[in-house]
Amino acid sequence: MKKYKIGYTQGVYDMFHVGHLNLLNNAKKYCDILVVGVNSDELVQNYKNKTPIINQDERKYIVENIKAVDECIVADTLSKTEMLKKVHFDVVFIGDDWKGSSRWAKTTKDLKQRGVDVVFLPHTDGICSTDLRVVKDEKVDE
C-alpha cells in the first residue's frame, strides 16, 4: 500500500452513513493527512438539482469530527484540478463505483499530469444517501 502525504476526497455527506465512514477510514490508511471537501449547498443544488437535507455547515461539522479526518473544508466546485489549487494533495480518493466513468477517466488523466494519483476505494454496497432520501420522502408522504 503506497503511503501519501496529503489525501483528498470530496462528497455531499448528506445523511452521513456507514458507506461514508468506510470510505473515509479506508482513505486515511493511505495518507498522513486526510482533507475532506464537503460540497456546498449551492454546488449540490446546481449539479444534483436538489437541496441537501442537512445544511453544509452541519455536514462539515459532522465530517470534521470523524476520527480519520484531519481537515474539512466546504467545496464549491467538483473540479479536482481546481481543488488542487486550494489543497495541495498528492492523491484523490473516490469510491470504485465511479471507476470507468468518463468523468473520472478525464480527472485521473488531468491529475496524473500534475503528479497526483487517483485511488479507487471499495464502495459499500447496499447503501447510499439517494436511496435513504427516497425512503425518507416516502415516509413523509404517508
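## Strand pairing and burial

Strands E4 (residues 91-95) and E5 (residues 117-121) run parallel and are joined by 5 bridges. Two strands count as paired if DSSP finds at least two bridges between them. Within this pair, valine 91 lies opposite aspartate 117 of E5. Together with helix H5 (residues 102-112), E4 and E5 form a right-handed β-α-β unit.

The model is predicted; local features need pLDDT of at least 70 and side-chain atom pairs count only at pLDDT 80 or more, whereas totals for chains, interfaces and linings use all residues. Residues are numbered from 1 along each chain as its sequence is written, and side-chain values use heavy atoms, with hydrogens and water left out.

The protein chain contains 6 helices and 5 strands, arranged along the sequence as β-α-β-α-α-β-α-β-α-β-α. These elements are DSSP runs numbered from the N terminus: helices are H or I runs of at least four residues, and strands are E runs of at least two.

Strand E2 (residues 31-39) has 7 of its 9 residues buried, so the rest of the structure largely encloses this strand. Buried denotes under 20% relative accessible area (1.4 Å probe, protein chains only). The path from E1 through H1 to E2 is a right-handed β-α-β crossover.

| Strand pair | Sense | Bridges | Partner pair |
|---|---|---|---|
| E1 (residues 4-11) and E2 | parallel | 7 bridges | glycine 11 and valine 38 |
| E2 and E3 (residues 71-75) | parallel | 5 bridges | valine 35 and glutamate 71 |

In helix H1 (residues 18-28), the buried residues are Gly19, His20, Leu23, Leu24 and Ala27. Viewed down the axis of H1, these buried residues fall within an arc of 130°, so they line one face of the helix. The arc is taken from the directions from the helix axis to the C-beta atoms.

Over the protein chain of 142 residues, buried residues make up 42%. Of the contacts (heavy atoms within 4.5 Å) between residues at least 6 apart in sequence, 77% join residues at least 24 apart. The accessible surface of the protein chain, computed by the Shrake-Rupley method with a 1.4 Å probe, comes to about 8200 Å², and 51% of that surface belongs to carbon and sulfur atoms.

Methods: Buried < 20%, exposed > 50% of the residue type's maximum accessible area, 1.4 Å probe, protein only. Right-handed = clockwise from strand over helix to strand, strands pointing away.
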